[in-house]
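Here is a short report for a reader new to this structure. Please look over the sequence and the model before reading on.

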Amino acid sequence: MEKLLVTMTGHDSIEKLMRCLEILARPGMTVIFVFRYPVDSSSYSRDHRITVESAIHATAVGRKVVERYNWDAQKELAQRVIAPVVGALEDKGVQVEIHVCASSLAKIIENYSVDKDIHWIVSG
């Protein structure tokens, strides 16, 4: 089965990528969207600089940060990012997968490129 790998960064606009996906994705194909962990890296730095007045408040804020960055929460965020195009791809007979990886973009591409079924790699 042919696959199309789409590497997503925090700066990608899924709407801009859709034009490319409309051309490359064909019925029966699988489009794999790969996101680097954390999916929203812009808030990651902000969330790790917590300034509070009490230990109790720090603990509560810390718990929220931990919940926000667990794998399930990150996968849900990735699903929200690509939601605008999933329906159109599925209507076209294309399967959609979402992967979250903690590797560099270069390592992600290197790891996925060994799959002989991947015919295209799109990096947004």
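Is the crossing of H1 and H4 left-handed or right-handed? The crossing of H1 and H4 is right-handed. A crossing is right-handed if the near helix is turned clockwise from the far one by less than a right angle, and left-handed if anticlockwise.

## Basis of the model

This is a predicted model, in which local features need pLDDT of at least 70, side-chain atom pairs count only at pLDDT 80 or more, and totals for chains, interfaces and linings use all residues. Residues are numbered from 1 along each chain as its sequence is written, and side-chain values use heavy atoms, with hydrogens and water left out.

## Overall make-up

The protein has 5 helices and 4 strands. Helices (H or I, at least four residues) and strands (E, at least two) are DSSP runs, numbered from the N terminus. Their order from the N terminus is β-α-β-α-α-α-β-α-β.

The protein has 124 residues, and 32% of them count as buried. Buried means under 20% relative accessible area, exposed over 50%, and partly exposed in between (1.4 Å probe, protein chains only). Contact means heavy atoms within 4.5 Å. Among contacts between residues at least 6 apart in sequence, 78% join residues at least 24 apart.

## Helices H1 and H4

H1 spans residues 14–24 and H4 spans residues 71–91. Their axes come within 9 Å and cross at roughly 25°. Axes are lines fitted to C-alpha atoms, for helices over the stretch in contact, and angles run from 0 to 180 degrees between N-to-C directions. H1 and H4 are therefore roughly parallel to each other, a term for angles under 35 degrees.

From H1, Ile14, Glu15, Met18 and Leu21 take part in the contact. They meet Val81, Ile82, Pro84, Val85, Ala88 and Leu89 in H4. By class, this contact has 9 nonpolar, no polar and 1 charged residues. Ala, Val, Leu, Ile, Met, Phe, Trp, Tyr, Cys and Pro count as nonpolar, Asp, Glu, Lys and Arg as charged, and the others, Gly among them, as polar.

## Two residues

Phenylalanine 33 is in strand S2. Phenylalanine 33 counts as buried, because its relative accessibility is 0%. Leaving out residues up to four places away in sequence, phenylalanine 33 touches residues including Ile14, Leu21, Ile82, Val85 and Leu89.

Arginine 26 lies in the loop between H1 and strand S2 (30–36). Arginine 26 is partly exposed, with a relative accessible area of 37%. Not counting residues up to four places away in sequence, arginine 26 touches Glu2 and Val94.

Technical notes:
Angles under 35 degrees count as roughly parallel, over 145 as roughly antiparallel, 65 to 115 as roughly perpendicular and the rest as oblique.
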